[in-house]
Amino acid sequence: MKVALITRRLEQRTLLALLLTALVAVSVVSLLVGAGTVSPSQALSMLLGSDDSEAYFVVWELRAPRTLIGIAVGMALGVSGALLQAVARNPLAEPGLLGVSAGAAFAVALALVLGASAATLRISVAQLGALVGCLCVLGVARWRGVGNDPIRLVLAGAAFSALLGAMTSMILLFDQRSADEVRFWVIGSLAGRRLEDLWAVLPSMAFCTVLIALIARPLSALALGERMASGLGHHPQLIRAMVVLCVALLVGAATAIAGPIIFVGLVVPFIARAFAGPDIRRTLWFCLPIGPLIILAADIISRVVVSPSELPLGVLTALCGAPVLIAAVRARRLPML
Amino acid sequence: MTLRWLKPAFRKQGAAALVSKHSSIGIAAHDDVPVKPPSGYWRLGERSGSGVSILIERRAVWVNSVLILALVLAGITYLCLGSLTLGPREVISALAGQGDMMTGFMVQELRLPRLIAACLTGGAFALAGILMQTLARNRLATPGIIGIDNGATAFAVASVVGMSVSLAPSAMALTGAVTAAVLTFGLAAGSGTQGYRFIVAGIGVGAVFGAITQLLLARVAIDTANAAYPWTVGSLNARSGGSVQLLGIGLALGFVAALALARSLTVLRFSEATASGLGINTGARRIQILLLSVVLTALAVAVAGPVGMVGLIGPEIARALSTPRHVPVVAATLAGALVMVLADLAGRTLLAPIELPVGIVTAIIGGPWLLWILMRPQRSHA
């Protein structure tokens, strides 16, 4: 029995290492492949030491920041999806589906129209919007009966995000200049993001890492039920509040950089749970490589498919994520969290 | 308005006797004994001796008259307001072909076609909505929510982006709507259509088609994409004359078909066993209703884009006003047209000179409404 458990642990370690290797490989591919004229072989020879200023510029100034941002966004979205699912006790609770990203996008659009433009301001506004969205969703989930039915909560979230989306479009109609700026951001894309955007979100992501390290244990106790958790000496309300804060900070940061990208927070924990089992701590570890893997893979595809132009990333994640949602809904029993 | 054709008793005696307590009328009329109509109904034609009589529900007559009146008033307001405000008298004389050229042009060439398009699309969306809701026995199962609008939009955008034939959007929208309907119903085959699972599966299908629409728009030149943008959120600006005519014909035929199906609809609200016990060929009826709903949605989407919330709001209003005895097909159509006219009026005038696409207005009204439906303590749907 014990031996089996240990081998299982080992297997998971190997799996995690494999995933990390895959992530490195995908990152390299992300540096090599693009929609522009610099071919993979050109980029490769530049990386191996040849002197090609065009390739140098494209790879290090355009593709490298984009890859780093993709990794950060993937981690943030994957982890926040797993956290929100754990705290809502609902395997379908996804920040994008439930309107958290839409809240962030709405806040950013509002701020842009009111005249804000600095990157850091945009991030804090997005995080504030995500926080409000998150509180609304969990408020609805605690409403009698809604939270008990995972699918009903998703439906309420879909209605909520449709409403917020319509309001965002309405705001953008007021201001054509912001509309042109925001229209592509609203779909979700990694194109044209600068490294400074990433530096601006790093403090809040670091803060979230510390917070998650603190609450991971109590959170897995919360999975046993509220009374069990308080019996074990934890404070369910406090844990929940901290999780909400984390989700809001992470989703707000990711949305501020890349726009609202839906379904990633659904797909990533879905796969992670398949590898890690029901334990939230292991799931979170698995989310860390899987999230960036999916985002980078989708981003690479988005550059290649319609080259020389690019496909918005949000389109691809929706195309991959919606079938997962349908499969989850079709399953006779949803796994309870 | 509920027209009830009571056939000669010897034909459908068994079924008629089961339908409701009113079935005694059919038999009594055959015997030529005057019997009072059931409370709340008027009866026409009982003295003709032909064995045919029509029961008209009084409440339905009132509701529909009020809705028609409201629609006419809203229509006149619609024609009055805009960048240049006209008086009701001016509008009416312009409609009659009198008054000065400028007003006549504005009313007859600019505002009236748009009003007609609003009425037709609103009516079609709402009619499709109530048909689908009754079919699925699920109050949330409107074509807009279960992804059929998005399917039609994706295919129609493909036609707008790819080719420039005026008939093509309607045909392509139809293809897309059928594809989405087949997908949603096929994917939900295991779990039935009554629960929330069906709806979420439909949302998933809708998300796929929404992504395909974005994909198509990302591939074309920015100007084409900008031109198609208001249409993808639902707007009466981008309509083409051909698709409006097609919608007009389709809605007229579909409305008659829906009236013919109204009786089956009433019974289909009950369980499968009850419905077939009452003499309804449920399989065939379901396919007819589904087809009708999908065709109406597709034709309306080809005109105005996905304004699916009307398909939720119209039937809700109609059901709130009517008695639960029948499926209020006519009232839903009228209410949908009214909602669409008012929403487009609000979108045109509230924030002038900016024009809000009607899809955004209906989403802002319909979103909270949908949330309210979801948050209420659970009851039976449809």
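**Exercise 1. How many helices and how many strands are there in chain B?**

Solution. The model is a predicted one. Chain B contains 15 helices and 3 strands. Of the 382 residues in chain B, 51% are buried. Take next the contacts in chain B with a separation of 6 or more: residues 24 or more positions apart account for 71% of them.

**Exercise 2. Describe the make-up of chain A in terms of its helices, strands and buried residues.**

Solution. Chain A has 14 helices and 0 strands. Chain A has 337 residues, and buried ones make up 53% of them. For contacts between residues at least 6 apart in sequence, 77% join residues at least 24 apart.

**Exercise 3. Work out which elements of chain A touch chain B, and what classes of residue they bring.**

Solution. Start with the totals: the contact takes 35 residues from chain A and 32 residues from chain B. On the side of chain A, the elements giving two or more residues are α7 (150-174) and α14 (313-330). The most comes from α7(A), with 16 residues. Sorted by class, this side of chain A has 28 nonpolar, 3 polar and 4 charged residues.

**Exercise 4. Find the angle at which α4 and α5 of chain B cross, and name the residues that meet.**

Solution. Helix α4 covers residues 88-95 of chain B, and helix α5 covers residues 101-136. Their axes come within 9 Å and cross at roughly 80°. Angles of 65 to 115 degrees count as roughly perpendicular, so α4(B) is roughly perpendicular to α5(B). From α4(B), the residues E90(B), V91(B), A94(B) and L95(B) meet T103(B), G104(B), V107(B) and Q108(B) of α5(B). By class, this contact has 4 nonpolar, 3 polar and 1 charged residues.

**Exercise 5. Compare the reach of helix α12 of chain B with the expected span, then say what follows the helix.**

Solution. Helix α12 of chain B spans residues 282-304 and has 23 residues. From its first C-alpha to its last it reaches 32 Å, close to the 33 Å expected at 1.5 Å a residue. After α12(B) comes G305(B), with a positive phi near 80°.

**Exercise 6. Locate the largest nonpolar core and follow one of its residues.**

Solution. The largest nonpolar core has 237 residues. Those with the most contacts inside it are V247(A) and V341(B). Leaving aside neighbours within four places in sequence, V247(A) is in contact with S80(A), L83(A), L84(A), P95(A), V100(A) and C134(A). A second, separate core has 7 residues, among them L31(A), M46(A), A55(A) and V58(A).

**Exercise 7. Decide whether L44(A) and D279(A) are buried, partly exposed or exposed.**

Solution. The cut-offs come first: a residue is buried with 20 or more other C-beta atoms within 10 Å, and exposed with 12 or fewer. L44(A) lies in helix α2 (residues 40-47) of chain A. L44(A) has 15 C-beta neighbours inside 10 Å, so L44(A) counts as partly exposed.

D279(A) sits in the loop between α12 (264-276) and α13 (280-305) of chain A. D279(A) has 13 C-beta neighbours inside 10 Å and therefore also counts as partly exposed. D279(A) and A223(A) are 56 residues apart in sequence, yet 8.8 Å apart in space, C-alpha to C-alpha.

Terms used
Residues numbered from 1 in each chain as written. Chains lettered and ligands numbered in written order. Predicted model: local features only at pLDDT ≥ 70, side-chain atom pairs only at ≥ 80, totals over all residues. Contact = placed C-beta atoms within 7 Å. Helix = DSSP H or I, 4+ residues; strand = E, 2+ residues; numbered from the N terminus. Nonpolar A, V, L, I, M, F, W, Y, C, P; charged D, E, K, R; others polar. Expected span 1.5 Å × (residues − 1). Core = buried A, V, L, I, M, F, W, Y, C linked by C-beta atoms within 7 Å. Axes fitted to C-alpha atoms, helices over the stretch in contact; angles between N-to-C directions. Parallel < 35°, antiparallel > 145°, perpendicular 65-115°, else oblique.
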